[in-house]
Amino acid sequence: MTRPVALDNVAHADLRVALRHGAAYGDSVNQALLFPTEFADAQRDFPILFNRDPAEGLQAVALLGLDRDENLFLEGDRWASRHIPLILQRGPFLIGLTEEGAGAVIQLDLDDPRVGAADGEPLFLPHGGQSRYLDHVGRILAAIHVGMGEAAAMYAAFDALGLIQPVALELMLDEERRYMIADHEVLAAERLDALDAAQLGELHRAGYLGPAFLIAASLGNMSRLIERKTVASA
């Protein structure tokens, strides 16, 4: 359960929020939603795949583990990756809409165990104004908000050109242990390479060509994921 409320500099003037990661805070997941605004950072660490949700349509995800609730990049209370998916970086903060629906506001989940921690970071300065931590949270939420707005059109363009393809990936840990990833789709590098000049130009003008190459290149991280799984299973 969550109990989101709009952040208020009067009601929450003295509130502190802990900077913590771990299984207790929702980080123990084998995949995490990604947004176009973080592809450049995410592709350095994670394979980027797609889920085709009946309600939400195509969604990009970072593959973090091979078993249920397994995050191979989470080591106790710290991440062993250069990038943390924005959806997990945001902690107990959410994006809400104003009552008029005209803009976005920062919301805080009061039921999150990090909220109110004595050793947490202040959200507001003693004499007014936001803390550096809250400024950081604002940038994360802004990147999520912008990414949410960009995603549907970008993925639709990829799909229209036949770039998003179902795939059955067989990952071998050793002769006896293998994993099949058959419920995802990928941006196929061979399909991207086969586009003609007009199609490439179309993607370039829309600002989608760079992200397409980043997503395709991210599949090279599968080998790193297997290495981390092998070490974790030893």
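**Exercises on side-chain contacts**

Asp 45 is buried, with a relative accessible area of 1%. The structure under study is a predicted model.

**Exercise 1.** Determine which salt bridge Asp 45 forms with Arg 224 as partner, and which parts of the chain are tied together.

*Solution.* The side chains of Asp 45 and Arg 224 meet in a salt bridge, at 3.7 Å from N to O. Asp 45 lies in the loop between α1 (39-42) and β4, while Arg 224 belongs to helix α7 (residues 222-233), so the pair ties together parts 179 residues apart in sequence. Arg 224 has 27% relative accessibility and therefore counts as partly exposed.

**Exercise 2.** Classify Glu 185 and Arg 52, which meet in a salt bridge, as buried, partly exposed or exposed.

*Solution.* The N to O distance of this bridge is 2.8 Å. Glu 185 is in strand β12 (residues 178-187) and Arg 52 in strand β4, 133 residues apart. Buried means under 20% relative accessible area. Glu 185, at 10% relative accessibility, is therefore buried. Arg 52, at 43%, counts as partly exposed.

**Exercise 3.** State how many aromatic pairs are counted, and describe the geometry of the pair Phe 50 and Tyr 155.

*Solution.* The count comes to four aromatic pairs. One of them joins Phe 50 and Tyr 155, with 5.3 Å centre to centre and 80° between the planes. Planes over 60 degrees apart count as edge-to-face, and the pair is accordingly edge-to-face. Phe 50 sits in strand β4 (residues 48-53) and Tyr 155 in helix α3 (residues 132-160), 105 residues apart. Phe 50 is buried, with a relative accessible area of 0%; Tyr 155 is buried at 4%.

Methods
Residues numbered from 1 in each chain as written. Predicted model: local features only at pLDDT ≥ 70, side-chain atom pairs only at ≥ 80, totals over all residues. Heavy atoms only, no water. Phe/Tyr/Trp six-rings, centres within 6.5 Å; stacked < 30°, edge-to-face > 60°. Helix = DSSP H or I, 4+ residues; strand = E, 2+ residues; numbered from the N terminus. Buried < 20%, exposed > 50% of the residue type's maximum accessible area, 1.4 Å probe, protein only. Salt bridge = Lys/Arg side-chain N within 4 Å of Asp/Glu carboxyl O.
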